[in-house]
Amino acid sequence: MKPEVATARYEFETPVTEEMAATLNGRLLHPVYSTFWMAYHAEVAARLTIEPYFEEGENAVGGVVEVKHEAMAAIGDTVRISARVIEIKGRKIVCEIEVFSKSRRIGFGKQVQITMANEESEKLVAEAQARVE
């Protein structure tokens, strides 16, 4: 991992679509941005934060995602997801996540990526696949 990752940041916006609404087994619970999608967007933001700093042959896998949903965002709203590296512990890179609707924070949390060589991640994938064959 390139050392500049220590100050890495990434941010993106996305509209809240009907697909992102809080549902359970296909049943609409609330027509607002779901915690599931907030966690997904936290994963995306953290990965895109660190990816530019990979060395040749390096990769990462998600290890932890934690989000706290503080307020709602309606379908049709736009949310902004930001991630920044706050800690590096060996192979673990921790990103702080914040989610905003307009200027109001609606969620926060952290996401951890574990860096490894491509060969190691490919081996782990192959082992997982072998368990289902």
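These legends accompany several close-up views of a predicted model. Residues are numbered from 1 along each chain as its sequence is written, and side-chain values use heavy atoms, with hydrogens and water left out. Since local features need pLDDT of at least 70, and side-chain atom pairs count only at pLDDT 80 or more, please keep in mind that totals for chains, interfaces and linings use all residues.

**View 1. The open sheet holds five strands.** Their order is β1-β5-β6-β7-β4, with antiparallel pairing. Strands here are DSSP runs of E with at least two residues, helices are runs of H or I with at least four residues, and both are numbered from the N terminus. Two strands pair if DSSP finds at least two bridges between them. At the edges stand β1 (9-15) and β4 (58-69); each has a single partner strand, so one side of each is left without a neighbour in the sheet. From one strand to the next, the twist averages 25°.

**View 2. Look here at the bridges between neighbouring strands.** Seven bridges join β1 and β5 in the antiparallel sense, and Tyr10 stands opposite Ala83 in β5. Between β5 and β6, which also run antiparallel, there are 10 bridges; the partner of Val85 in β6 is Cys95. The β5 and β6 hairpin has two residues between the strands, and Gly90 takes a positive phi near 60° there. Further along, β4 pairs with β7 (residues 104-117) over 11 antiparallel bridges, with Glu66 bridged to Lys110 in β7.

**View 3. Two helices meet the strands.** Helix α1 packs on the sheet and touches β1, β4, β5, β6 and β7, its direction making about 145° with that of β4. Helix α2 (residues 118-132) lies across β4 and β7 and runs at about 100° to β7. For these angles, axes are lines fitted to C-alpha atoms (for helices, over the stretch in contact), and the angles run from 0 to 180 degrees between N-to-C directions.

**View 4. Here is the largest nonpolar core, with 25 residues.** Such a core is a set of buried Ala, Val, Leu, Ile, Met, Phe, Trp, Tyr and Cys residues joined through side-chain atoms within 4.5 Å. Buried means under 20% relative accessible area, exposed over 50%, and partly exposed in between, with a 1.4 Å probe and protein chains only. The members that touch the most others are Tyr33, Ile50, Val79, Ile81, Ile97, Val99 and Ile106. Two or more residues come from each of α1, β5 (78-89) and β6 (92-101), and α1 gives the most, with six. Leaving aside neighbours within four places in sequence, Val79 has contacts (heavy atoms within 4.5 Å) that include Phe12, Tyr33, Val99 and Ile106.

**View 5. Ring pairs link Phe36, Trp37 and Tyr40 into a cluster.** Rings of Phe, Tyr and Trp (its six-membered ring) pair if their centres lie within 6.5 Å; planes under 30 degrees apart count as stacked, over 60 as edge-to-face and the rest as tilted. The structure holds three aromatic pairs. One of them, Phe36 with Trp37, is edge-to-face at 6.0 Å centre to centre and 85° between the planes. For Trp37 and Tyr40, the centres are 5.3 Å apart and the planes at 75°, so this pair is edge-to-face. Trp37 and Tyr40 both lie in helix α1 (residues 35-50), three residues apart, about one turn of the helix. Trp37 is buried at 15% relative accessible area, Tyr40 is partly exposed at 43%, and Phe36 counts as exposed at 60%.
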